[in-house]
Amino acid sequence: MKTEGETVAAETAAILEGILKRYRDDDGNIISILQDVQDVFGYIREDAVNWFSKKLDIPASRFFGVVTFYAQFHLRPRGKNIVSVCCGTACHVKGGSKIAEQVKKELHLNSEGETTNDKRFTFEVVRCVGACSIAPVVLVNSKVYGDMTVDSTSKLIKKLKEGAGAKK
Amino acid sequence: MQKNNLKKVIVRVCIGTGGLAAGGKEVIDAFKKEISDRCIDIDLDFTCHYQKVGCRGFCARDVLVDVVDGDKSLTYQCIKPEMAARIVDEHLIGGKPVKEWLIDDTYYAFHAKQKKILLKDCGTIDPEDINAYIDVGGYSGIKKVLSEMNPEDVISEIKASGLRGRGGAGFPTGLKWEICRKTPGDTKYIICNADEGDPGAFMDRSIIEGNPHSVIEGMMIAGYAVGSDHGYVYIRAEYPFAVERLRLAISQAHERGYLGKNIFGSNFGFDIKVKLGAGAFVCGEETALIASIEGQRGMPRAKPPFPVHHGLWGKPTVINNVETLSNIPYIIRNGAQWYASIGTEKSKGTKVFALTGKVKNTGLIEVPMGITLREIIYDIGGGIIGDREFKAVQTGGPSGGCIPAEMLDIPVDYESLAQVGSIVGSGGMVVLDETDCMVNIARFFLEFTQAESCGKCVPCRIGTKRLLEILDRITKGLGREGDIELLQKLSSDIKAASLCGLGQTAPNPVLSTIRYFREEYEAHIRDKKCPAKVCRDLLTYYIIEEFCKGCGACLRACPSGAITGEKKKLHKINPDICIKCGACFEVCKFKAVGRE
Ligand SMILES: Cc1cc2nc3c(=O)[nH]c(=O)nc-3n(C[C@H](O)[C@H](O)[C@H](O)COP(=O)(O)O)c2cc1C
Ligand code: FES
């Protein structure tokens with residue numbers, strides 16, 4: 001088993017040191033560490049976890065226990081753009097599942113959490129983003145699109161693919 | 001307009017999440033541009049302010065723009081950037097409002113029965129400016145408390161106001177503070193619960209986005225009352241704007257010396273840290289929330305001991321909901337008597353609800369406790385979209401229940417809703433109409449709670465899974481005789497044996513739908529029919545011969561190639577290939593696709 005935490009590149013280590021400092025200044029919450037790691041890398045990198053585990057003398061299993069408990073954390077890289085369809089109550093009764101179907105169809109993906117081959121888009125389902133009064137809602141990264149229909153969803157995805165409103 | 005009688009014109013643009021999604025920022029930019037273009041040209045003497053304000057509640061009519069001219073204020077609805085030019089020309093410069101874009105009677109009806117305390121400031125002040133809050137009396141509550149009241153006075157004031165927790169359980173806030181105050185300990189904590197996990201509720205988000213300083217002030221007053229100098233706000237990471245606003249507000253309060261040490265020259269100090277939730281519904285439960293702040297998996301533990309005795313890092317801790325805390329400054333400023341004069345005998349004050357679903361006017365509303373459901377849905381909400389028939393209103397989210405039409409006249413307060421098998425909860429109110437299937441709704445909530453069950457206790461972990469399986473088979477047409485009784489039995493076991501509120505309330509949506517809509521369950525189980533025509537597996541699609549024009553729209557829309565037919569001739573759906581997606585039903589302009 002690989003235990004050496006030092007096996008990260010020098011520049012990565014510098015970033016991790018920064019996160020570690022903030023953690024020490026704060027009140028020692030490994031969730032904050034993981035949130036920072038995900039902010040920087042887009043997902044939870046195993047080598048980063050091992051690095052912290054070693055530095056802090058906290059078993060890596062505790063980190064992974066936290067990672068797998070909270071929906072926010074991802075163990076695999078995601079696409080550059082996250083297209084999330086809300087399936088909270090208000091969106092559900094206004095036809096959110098049809099919108100989700102349409103997004104999947106347009107992106108040629110089969111299920112939640114998948115990423116397109118070109119790594120540009122990841123499709124996710126969220127449960128309420130607090131924009132229930134304009135349900136059903138689609139989020140592209142953090143931009144909210146409300147009152148969606150199957151048609152407007154198709155158009156939105158087509159536009160995103162062409163590059164409007166999405167990261168390349 | 002003549003130069004001399006020019007007044008101050010304020011353009012207020014809503015930038016809550018709803019407003020932003022509808023293009024609030026673009027509208028602000030358009031106004032700025034139009035005004036600066038014109039003002040230079042024609043050398044007008046009035047000053048224009050663009051104010052950003054938080055949620056005004058009526059999200060269905062976003063973007064809302066107020067033009068305040070002296071003491072006259074007019075509001076435009078559904079404004080798009082390209083409409084700014086005309087408003088600037090005709091109204092700001094010409095003095096004649098653009099009548100057809102002004103809000104109409106619906107807007108007034110939407111507000112007539114509301115009583116806005118928290119939302120009033122939310123929709124009028126700039127949430128990114130501490131001075132805006134101070135101008136409307138902000139931070140005078142904490143000032144008053146520090147200069148005139150001792151902690152016991154504050155507690156009795158809150159007790160006298162009758163305020164009860166808005167996070168779901170309705171526990172009296174003053175009492176909670178008192179217990180915590182009396183618990184011995186040097187270090188105590190105040191936690192603001194901004195996890196807002198109920199899918200379909202967004203009042204806490206709107207309050208933080210629209211009036212973050214009221215929450216900060218509420219926490220400070222709570223801190224003074226219980227003897228705590230440390231606060232945490234546990235907020236969902238899914239609310240990036242709210243997090244940003246809150247952080248900004250905290251830093252502004254620091255700069256002013258309103259947070260930190262020796263506040264207003266007293267020896268009281270208070271500090272607030274923001275902790276981001278990581279996406280787990282159960283972390284809204286107080287003991288799970290504490291575990292999460294401590295950096296652990298967010299699993300609840302058995303109570304007692306309650307957090308007021310044994311909370312964060314083992315210290316006495318008060319956990320209050322955002323809305324609860326936001327009420328505090330207003331109570332201190334206006335007095336307990338004033339607050340207690342609103343509402344019913346046991347439920348005082350106002351409650352903010354997120355009115356969503358099949359009503360015409362969706363949005364955020366604030367109503368006095370004791371208003372009837374009918375008033376909310378018909379007077380404020382304007383009735384059901386498309387004037388379809390009302391079926392039920394779901395309150396309290398995954399822990400709540402569905403209330404049927406016969407009960408629309410009950411007053412909205414903690415006791416009355418509990419009596420009919422639902423709860424006030426955090427304040428989600430999702431209106432359902434005849435096109436909603438109640439078994440599907442129950443299944444929807446169980447899918448949610450089952451996924452969010454933390455897995456610590458067996459009744460919840462396995463019980464919700466079994467409930468979901470049974471509901472699943474019923475909606476698929478595989479329900480069996482006796483399933484309803486099985487659901488009821490299982491539900492009562494789960495309620496009785498679960499460790500925390502999640503499991504204890506998870507069966508409520510199932511029980512309340514069985515209680516009021518049993519015949520719908522029976523139709524699914526016995527006749528294999530979904531009366532609301534929602535459950536896919538129970539539907540069949542067919543072409544109604546006399547309406548079909550042979551236009552081919554359905555044929556093109558069908559993803560599975562189940563439809564055949566020549567142009568201008570009758571089409572046909574092959575039931576063996578049909579995947580029941582409903583695409584044909586939706587595209588047909590001639591209502592020639594039937595389903596049952
Ligand atoms: C599963 C579950 C989820 C909860 N979610 C929330 C929530 O999102 N926000 C909240 O304020 N209270 C939530 N609560 C209630 C809290 O445990 C707690 O009662 C509340 O924050 C106390 O504040 P209050 O007295 O001001 O209402 C939840 C409870 C349970 C059992
Ligand atoms: S339910 Fe979709 S935004 Fe709330």
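This is a predicted model: local features need pLDDT of at least 70, side-chain atom pairs count only at pLDDT 80 or more; totals for chains, interfaces and linings use all residues.

Residues are numbered from 1 along each chain as its sequence is written.

Q: Why is strand β10 (residues 363-368) of chain B called largely enclosed by the rest of the structure?
A: Buried means under 20% relative accessible area, against over 50% for exposed and partly exposed in between (1.4 Å probe, protein chains only). Five of the six residues of β10(B) are buried, so the strand is largely enclosed.

Q: What makes α18(B) oblique to α22(B)?
A: The axes of helix α18 (residues 438-452) of chain B and helix α22 (residues 508-526) of chain B come within 8 Å and cross at roughly 135°. Angles under 35 degrees count as roughly parallel, over 145 as roughly antiparallel, 65 to 115 as roughly perpendicular and the rest as oblique. Therefore α18(B) is oblique to α22(B).

Q: Why is α11(B) called roughly perpendicular to α14(B)?
A: The axes of helix α11 (residues 212-226) of chain B and helix α14 (residues 322-334) of chain B cross at roughly 75° and come within 7 Å. That angle makes α11(B) roughly perpendicular to α14(B). The contact (heavy atoms within 4.5 Å) includes B:Ser214 and B:Val215 of α11(B) and B:Val322 and B:Leu325 of α14(B).

Terms used: Chains are lettered from A and ligands numbered from 1 in the order in which they are written. Side-chain values use heavy atoms; hydrogens and water are left out. Helices (H or I, at least four residues) and strands (E, at least two) are DSSP runs, numbered from the N terminus. Axes are lines fitted to C-alpha atoms, for helices over the stretch in contact, and angles run from 0 to 180 degrees between N-to-C directions.
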